[in-house]
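Hello,

Here is the structure I promised to pass on to you. Please open it next to this email, and then read on for a tour of what turned up.

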Amino acid sequence: MTEQVTETEYRSRLMDGMAAAVAEKGYAETTIADIVRLARVSKRTFYEHFASKEDCLLALYTAATDQLIEVIRQAIESAHDIHSRVRCAHRAYLQRIKEHPLLMRTLFIEILAAGTRGLQVRRAANQRFADLLRATGVDSQYDSPQKRQITPALAMAIVGGINELILQAMESDQIDQLLLIEEPATALLEAVLARPIAED
């Protein structure tokens with residue numbers, strides 16, 4: 001019996017092929033032939049879904065971001081109080097990255113090889129994480145003498161700081177110790193929220 005493969009499954013296979021090829025050879029050395037070989041599809045199928053390997057990488061990045069956002073959202077919803085909400089969100093984010101080290105290394109590092117478009121999707125992803133942080137309402141519920149609002153700029157700074165810690169772990173081949181970042185990441189957010197608002 002012939003296997004029936006949907007267009008969504010073909011697209012997913014191609015993105016998986018891209019992830020595997022980049023993990024094996026790096027983005028610059030990856031060819032469309034590598035992608036379709038690992039995806040077990042034809043080049044014709046590739047071009048039915050993506051115009052180039054760059055388009056495929058950007059789609060992979062966006063899909064992985066969607067999954068990370070959903071993992072964090074579920075962790076936040078399952079938390080019992082505001083303090084555990086922060087820790088659960090950080091733990092879920094870091095655990096997901098730890099479970100998929102090759103894919104996440106591709107997304108954190110190799111995305112830069114996609115030039116301007118790569119930077120654009122990376123900034124858009126960071127903005128989504130920053131928006132999610134603000135949407136939790138953690139700043140309005142945090143127990144502090146003077147409640148500090150997480151502005152868009154502060155949210156982006158927090159996201160950028162945490163991602164820089166993750167990049168350091170990846171570049172130092174310490175992905176197995178990634179969960180240790182939970183403590184400084186949580187401390188960073190709590191320090192921002194607890195810091196008194198400067199008076200004019």
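**The largest cavity**

Let's begin inside. Seventeen residues, written 17 in my notes, line the largest cavity, and those nearest its centre are Ile72, Ala89, His90, Phe129 and Leu133. Please keep in mind that this is a predicted model. The space in this largest cavity comes to about 290 Å³, and the count of cavities of 30 Å³ or more is one. Two or more lining residues come from each of H4, helix H5 (82-99), H7 and H9. Which of the elements gives the most to this lining? H5 does, with five residues. Sorted by class, the lining has 13 nonpolar, three polar and one charged residues.

Ile72 sits in helix H4. Is Ile72 buried or exposed? Its relative accessible area is 8%, and a residue under 20% counts as buried, so Ile72 is buried. Setting aside neighbours within four places in sequence, Ile72 is in contact with Ala89, Tyr93, Phe129 and Leu132.

**The largest pocket**

Now for the largest pocket, which holds about 200 Å³ of space. It is lined by 16 residues, and Tyr61, Tyr93, Phe108, Asn126 and Asn163 are the closest to its centre. The elements that each give two or more residues to this lining are helix H4 (53-78), helix H6 (101-108), helix H7 (115-135) and helix H9 (152-171). By class, the pocket lining divides into 10 nonpolar, four polar and two charged residues.

**The whole chain**

Stepping back, the protein chain has 10 helices and zero strands. Read along the sequence, its pattern is α-α-α-α-α-α-α-α-α-α. The chain has 200 residues, of which 42% count as buried. If you take the contacts between residues at least 6 apart in sequence, 69% of them join residues at least 24 apart.

**Two helices that cross**

Two packed helices are described by the angle between their axes and the distance between the axes. How do helix H1 (residues 7-25) and H4 compare on this count, and at what angle do their axes cross? The axes come within 9 Å and cross at roughly 100°. Angles of 65 to 115 degrees count as roughly perpendicular, so H1 is roughly perpendicular to H4. On the H1 side of the contact are Arg11, Leu14, Met15, Met18 and Ala19, and they meet Lys53, Cys56, Leu57, Ala59, Leu60 and Ala63 in H4. These contact residues divide into nine nonpolar, no polar and two charged.

**Helix H2 and what follows**

In H2, the buried residues are Ile32, Asp34, Ile35, Val36 and Ala39. What covers them includes H1, helix H3 (43-49) and H4. Asp34, which lies in helix H2 (residues 32-39), has 9% relative accessibility and therefore counts as buried. Leaving out residues up to four places away in sequence, Asp34 touches Ala21, Lys25 and Glu29.

After H2 comes Arg40, with a positive phi near 60°, although Arg40 is not a glycine. Arg40 is in the loop between H2 and H3. Its relative accessibility is 61%, and over 50% means exposed, so Arg40 counts as exposed.

You will find Asp173 in the loop between H9 and helix H10 (182-194). Asp173 is exposed, because its relative accessible area is 65%.

Lastly, Gln149 is in the loop between helix H8 (138-141) and H9. With 53% relative accessibility, Gln149 counts as exposed. The C-alpha atoms of Gln149 and Leu193 are separated by 7.4 Å, and these two residues are 44 residues apart along the chain.

Enjoy exploring!

Best wishes

Note on methods
Residues are numbered from 1 along each chain as its sequence is written. This is a predicted model: local features need pLDDT of at least 70, side-chain atom pairs count only at pLDDT 80 or more; totals for chains, interfaces and linings use all residues. Side-chain values use heavy atoms; hydrogens and water are left out. On a 1 Å grid over the protein atoms alone, a cavity is a set of points where a 1.4 Å probe fits but cannot get out, and a pocket is an open set with protein on both sides within 12 Å along at least five of seven lines; lining residues have an atom within 4 Å of a point. Grid points are joined across faces, edges and corners, and a volume is the space filled by probe spheres set on the points. Helices (H or I, at least four residues) and strands (E, at least two) are DSSP runs, numbered from the N terminus. Ala, Val, Leu, Ile, Met, Phe, Trp, Tyr, Cys and Pro count as nonpolar, Asp, Glu, Lys and Arg as charged, and the others, Gly among them, as polar. Buried means under 20% relative accessible area, exposed over 50%, partly exposed in between (1.4 Å probe, protein chains only). Axes are lines fitted to C-alpha atoms, for helices over the stretch in contact, and angles run from 0 to 180 degrees between N-to-C directions. Angles under 35 degrees count as roughly parallel, over 145 as roughly antiparallel, 65 to 115 as roughly perpendicular and the rest as oblique. Contact means heavy atoms within 4.5 Å.
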